[in-house]
Structures are given as C-alpha cells and as structure tokens.
Amino acid sequence: MVKEKEIVMFTLENPTYLWLLLVISIFILLHFINYTSRKGKVIKFANYNVAKKINRYSRDYTKLIIRIIILILLVLALTGTVYEVTTTTKDTHLILLLDTTNAMSINEFEIMKKTTTQFMRTLPEGVKVGLVTISGENIGEKKLHENKEEAIVLVENLKQTSLERDLKKAFLSSEQIFLEEEEKFIRAKKTTSLTPQDLAIISSPRVMILITKGEYDEGEVVYISNTGNIAAYTIDIAIENPDQQQSESLQHIAQSTGGEYFSVEKEVIVNQALLQIAQSFQGKVAIELTRPILIGIFVLLLLGWILEYIRFGTIP
C-alpha cells in the first residue's frame, strides 16, 4: 500500500530515568582526572613521551567512547524507549453521504456543509473523495475526486431539496462509485496481470461517512449491514433538538460495518467526530527498543574485551 507520509518519533515510558545521564558527565570527569594523575606518576619515574609512543592506548579514548555509549544505551533501556512510525495511507477511498432533505433544519444543514468542507481540507493529499446525497443522487460527477478543492466547492454550493430519503439507493450509488474506480484503475494498467501492489491499491480502505439524523427503515439498515466491504461511520445530528433519542438504526449500521456512531449536539462536536474518523486513515507501528538496546550493550562489552585482549594479550 502506498504511503503518503510518515511521522517518526521516539517515546519514553519512564522518562524519570533520564536523570541518570548525569552519571555520564561525572564518568568523563573521573576519567580525565585519573588520566592526569597517571601522567604525573609516569613523569616522575620515566620519560612520558617515550612511554606514550610505546603505549598507543595511553589515553584510552576508545574505551572511554565505548563506555559512554554503553551508559547511554543502558539509560535508554531503563526509560523504556519506543520507536513509533505513524503512516497515512494514500489510497483511501472516501464517500461523504450527506443528508440534503428537510429532515435537518436549515441551521443543521449549514453546519453540516461547513464542518464537511473543513474536514476535507484536513485530508492528506491522495485521499479520493466521492459525494452522494441521502436521496441517492450524486453531487457533481459520479466519481471519486482527487482534487479536494473541486469537492469542497460542490459541497459549498449544495442546497436542501424536497426529495425523500432513500438510504439503500444512496448506498448503492456509493458502491457503484467504488466499483468504477477499481475498473478505471484496471483499464489504466491495461493488463489483467496485476502486481501485489496493484492488488493492495484495489483493496484499499473504503470508508463512508453518513451525516444525517433520526431513524431509518429497518429493511434499508439490514441491507447495508450485510454489505461487509465498506466501513460506515454515522454522525447523528441533534443540534436543534439535543434531547432526541439516539438513532438505533445509525448505531447498528456503524457497528455492523466496522465503523463508529457519533451523536452530536454542538457544531464543535461534529468537528471532533470528523477528526476522529480522519485518524482511522492512519496506522501506527510501535517498536519496543529495550531488547535491541540490550543486544547493543552486549556487543559493545564484547568489543571492549576484544580491545583489551589486543592491548594486553589477555581478557580481563
């Protein structure tokens, strides 16, 4: 699967152990104090420059560097260092299923338009967006828009209609857009022999966000719930009447398709819901580094022993 960007970061489970890094500065100070003391003793009884030529390791810089690295790695192991990579999938296909009927008030309808356009502006480049009304009508061309600004203009110009809600038709229109996108990709490849990467793109995540309010016909809900190739997130608008009962049908659609249900009573909560959905387009890989760090410490200790053997002809 193609990745649009990666965010790499390191986290510490026990950052309080970082205070132990002060030991390193003390260790370096003691090393040079010891070196100065040994140099003074050699000068008293011999020619220091001759002794320095004979013993090329007199300052022990190699051992010092190795021991400093070991101490740093040991502190990182104690802090529980974790390597995290957050990736945003570039080939996510998204359809916004918007309620343009009179089920919502004019204020709720305008809030839906405003929050939807804000949401599309936050989507990473490469996420394709399709637009369908709850009546099953396509908004603009029947396609997934690669140009987000094009889709944003279509939503901004959206008007409420007197059409009846037809969730099944709307869902079928969404499925058709997804299918045509796959067929367009295969035609562009001009071959039936697809690579694993091609298959990954074809099987990219299909996400539908349904923004509406209230209950739906049981037959429509059952039909959508039995279609397992689209993750449907449902946002139940209840701004004008915050005391309304949560929609059981919208909850069932979300739960049965692997999405999530949101009941929103304020505009800010709509934004939060859409932001949470956007996070589903991201994948996070966390790698605990304690074991690799301990292996690194072992290797450095072994290297130190080898250097001692080279210098003195014996393993200390």
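**The largest nonpolar core**

Tutor: The model is predicted, and its protein chain exposes about 17,800 Å², of which carbon and sulfur atoms supply 59%. Buried residues account for 40% of the 316 residues in the chain. In soluble globular proteins, nonpolar side chains tend to be buried together. Here the largest nonpolar core holds 33 residues, and Phe119, Met120, Ile209 and Ile235 touch the most other members. Two or more residues each come from strands E3 (93-98), E4 (128-133), E5 (206-212), E6 (231-237) and E7 (261-264), and from helices H4 (106-122), H5 (148-156) and H10 (267-278). Apart from this core lies another, of 21 residues, including Leu167, Leu210, Ile224 and Ala254.

Beyond its neighbours within four places in sequence, Ile235 is in contact with Ile209, Leu210, Ile211 and Thr212, with Phe262 and Val264, and with Ala273, Leu274 and Ile277.

Two of the contributing helices also pack against each other. The axes of H4 and H10 lie 10 Å apart at an angle of about 35°, and their crossing is right-handed. On the H4 side, the contact is made by Ile111, Lys114, Thr115, Thr116, Gln118 and Phe119; on the H10 side, by Glu267, Val270, Asn271, Leu274 and Ala278. The residues of this contact comprise 5 nonpolar, 4 polar and 2 charged.

How values were computed:
Residues are numbered from 1 along each chain as its sequence is written. This is a predicted model: local features need pLDDT of at least 70, side-chain atom pairs count only at pLDDT 80 or more; totals for chains, interfaces and linings use all residues. Side-chain values use heavy atoms; hydrogens and water are left out. Buried means under 20% relative accessible area, exposed over 50%, partly exposed in between (1.4 Å probe, protein chains only). Accessible areas come from the Shrake-Rupley method with a 1.4 Å probe; for residues, only the protein chains shown count as cover. A nonpolar core is a set of buried Ala, Val, Leu, Ile, Met, Phe, Trp, Tyr and Cys residues joined through side-chain atoms within 4.5 Å. Helices (H or I, at least four residues) and strands (E, at least two) are DSSP runs, numbered from the N terminus. Contact means heavy atoms within 4.5 Å. Axes are lines fitted to C-alpha atoms, for helices over the stretch in contact, and angles run from 0 to 180 degrees between N-to-C directions. A crossing is left-handed if the near helix is turned anticlockwise from the far one by less than a right angle, and right-handed if clockwise. Ala, Val, Leu, Ile, Met, Phe, Trp, Tyr, Cys and Pro count as nonpolar, Asp, Glu, Lys and Arg as charged, and the others, Gly among them, as polar.
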